[in-house]
Each structure stands twice: as C-alpha cells, then as structure tokens.
Amino acid sequence: MSIELATLNGQSADRAARDQSPLAIRGMTVSYGQKPAVFSVDMTVRPGAMTAIIGPNGAGKSTLLKAALGIITPLAGTSTVFGKTVARQRDWIAYVPQRASVDWDFPTRVIDVVMMGLYAQLGLLGRVRAHHRAQALDCLARVGMQDFATRQIGQLSGGQQQRVFLARALAQQADLYLLDEPFAGVDAATEKAIIDVLKSLRDAGKTVVAVHHDLSTVAEYFDDVFLINTQAVAAGPVADVFTQENLQATYGGRLAGAQMDSLSAATA
Ligand SMILES: Nc1ncnc2c1ncn2[C@@H]1O[C@H](COP(=O)(O)OP(=O)(O)OP(=O)(O)O)[C@@H](O)[C@H]1O
Ligand SMILES: [Mg+2]
C-alpha cells in the first residue's frame with residue numbers, strides 16, 4: 001500500500017513538473033528511414049532557464065525540436081508546452097531554425113521578416129500600424145540591425161540574417177524560445193549580441209532552449225544541458241551534468257583529444 005502510494009505521488013509529481021514545464025517531451029521517436037534518428041527521448045525543460053541541447057552531428061537535435069513542434073510527425077511520442085498541446089500554444093513559442101534550412105528565393109525586406117513575428121498580434125488580415133512598425137524596428141535595434149530595415153533579407157550575410165531571425169523571434173513576445181544553432185557561423189561580436197539578447201530574455205523570466213556546438217562556452221552561456229545521441233544521455237544543471245564522463249558517453253570516440261583537453265578546464 002505504502003509503495004503504491006509512493007508510486008502515485010511520484011507519478012503526480014512528474015505530471016505536475018510536465019504541466020509547468022515550458023516544454024515537456026515524452027517517448028519521442030522519429031525515423032526518416034529504417035533507423036530512428038531520435039529514439040524514445042524524454043525531456044522536461046526547466047522554466048526560466050537557458051538549456052543547451054548538445055550532441056554530435058546527426059545526433060537528432062534538430063529532429064527532436066522539429067518533432068516537438070509538430071513540424072515533422074514522430075513515430076511515437078508527445079510534447080506539451082506549459083501542459084497543453086503545441087497546437088494550442090503556438091503564440092507562446094518562437095522558433096529559429098538551423099540557418100542552412102532557410103531559403104530566401106523571393107525578395108522580402110528585413111522589416112517585413114520581423115513583422116512576420118507580429119502576426120499573432122496583427123491577425124491574418126490585420127492592418128500594419130505605425131506602432132507595429134516601431135515595435136519591429138525596436139526588435140531590430142535590440143540585435144543591432146536597425147540600419148538594415150529596408151534591405152532585402154537575401155542580400156544580408158549569414159550572420160546578419162541570423163540576427164534578423166532573432167529579431168523576428170523577439171517580435172513574437174513568446175514565452176518559450178527554441179533556437180537551432182543560433183551561433184553557427186557568426187563572428188564574435190554577433191555571438192556576443194545574440195547571447196546578450198538571450199540572457200535578457202531569460203532574466204525577464206522567459207525560457208530559452210538552444211542547440212549548441214561550442215562545448216567551451218556551455219558553462220558560461222547556459223544553466224542546464226541536455227545531452228543527446230539519438231537517445232537522451234543526460235540532462236540537468238550544467239554543474240551536475242556537463243561532465244567529461246557524460247560528454248564521452250555522448251560523443252564516444254568522436255571527441256578529439258585536443259577537444260577533450262580544452263574541455264577539462266570547462267567541465268565540472
Ligand atoms: N529530412 C531528412 N531525411 C532523411 N534523413 C534525415 C532528414 N533530416 C535528418 N536526417 C537524418 O537524421 C539524423 C538526425 O539529423 P538531425 O538533423 O536531427 O541531426 P542534428 O543533431 O541536428 O545534427 P547537426 O549537428 O549536424 O545539425 C541524421 O542521421 C540525418 O542524416
Ligand atoms: Mg541540426
């Protein structure tokens with residue numbers, strides 16, 4: 001009886017954690033072919049924290065985010081955002097995909113890309129008013145791109161585009177920010193600008209989840225880590241989970257010796 005009760009309490013505590021979590025993933029399995037790209041992954045994101053998703057190329061990081069958002073259909077698994085389905089919580093979520101996946105063939109001005117982030121406020125047929133434009137410009141200013149408002153998005157460098165996508169995410173005024181490699185291919189100044197914006201979101205009580213590759217900055221940038229290689233390897237606060245042992249388990253032999261050495265300083 002007491003064991004049953006303990007189990008029940010454990011279950012309800014788990015349920016409560018899931019309902020309060022900005023993003024809770026359960027039993028997520030995704031397969032593009034024979035072999036699953038993501039297998040039976042559970043993830044409970046801590047509210048108000050910055051979480052890094054870390055793992056080698058092809059580990060399923062982007063796939064996990066896309067499946068959690070319903071962009072691709074999983075074989076199995078569920079995800080909830082603040083306890084409800086993603087479909088019901090769209091307005092709470094801002095997602096910045098991995099850069100290579102965005103193709104700008106048609107001409108769109110930077111300001112219009114940012115305005116797309118405002119559509120929840122505008123409604124599909126809503127009129128763009130001066131204060132909307134001002135809001136979009138303000139978001140551009142926060143990422144240092146205010147001077148590029150009327151430029152075509154396709155005519156920006158990769159790092160500048162990345163900043164504009166962050167500005168669009170800011171315009172959404174979401175509570176959960178999901179970013180797939182926001183620092184990929186950007187210079188040190190842009191990286192600093194982006195991390196400052198993400199930290200200010202976190203300090204304002206928002207939740208930030210980012211796929212991140214640079215192991216040397218994990219402890220400086222993030223509160224929590226989620227290590228994945230098709231399956232979840234470890235999850236929790238950086239101080240507890242970002243260890244040599246867990247990184248070995250995540251990367252296996254794919255972490256070069258030099259990389260391991262530089263990590264000795266960075267990890268717990
Ligand atoms: N559209 C697709 N069709 C078929 N296979 C895919 C597709 N997208 C991804 N994959 C495969 O699924 C696996 C996981 O890919 P995913 O993009 O999620 O990895 P990732 O961890 O984000 O890697 P990276 O660090 O390189 O971005 C890889 O083996 C990849 O080749
Ligand atoms: Mg990826």
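Which residue is the bridge partner of D224 in β10? In this predicted model, that partner is P237. Strands are DSSP runs (E, at least two residues), and helices likewise (H or I, at least four), numbered from the N terminus. Strand β9 covers residues 224–229 and strand β10 residues 231–237. The two run antiparallel and are joined by 6 bridges; pairing requires at least two DSSP bridges between two strands. Together β9 and β10 form a hairpin with 1 residue between them. T230 lies in the turn and has a positive phi of about 65°.

Ligand 1 is surrounded by 13 residues, each with a heavy atom within 4 Å. The closest are G58, G60, K61, S62 and T63. Helix α2 (residues 61–68) supplies the largest share of this shell, 3 residues. By class, the shell holds 4 nonpolar, 7 polar and 2 charged residues. Here Ala, Val, Leu, Ile, Met, Phe, Trp, Tyr, Cys and Pro count as nonpolar, Asp, Glu, Lys and Arg as charged, and the others, Gly among them, as polar.

Polar contacts with the ligand are pairs of N or O atoms within 3.5 Å. A side-chain N or O atom of Q98 is 3.0 Å from an oxygen atom of ligand 1. For E181, the corresponding distance to a ligand oxygen atom is 3.4 Å. Y32 places a polar side-chain atom 3.5 Å from a nitrogen atom of ligand 1. Taken alone, ligand 1 exposes 640 Å² (Shrake-Rupley method, 1.4 Å probe), and the protein buries 57% of that.

Residues are numbered from 1 along each chain as its sequence is written, while chains are lettered from A and ligands numbered from 1 in the order written. Local features need pLDDT of at least 70, side-chain atom pairs count only at pLDDT 80 or more, and totals for chains, interfaces and linings use all residues, with side-chain values based on heavy atoms and hydrogens and water left out.

Methods
Polar contact = N/O pair within 3.5 Å; in protein donor to acceptor, adjacent residues only side chain to side chain.
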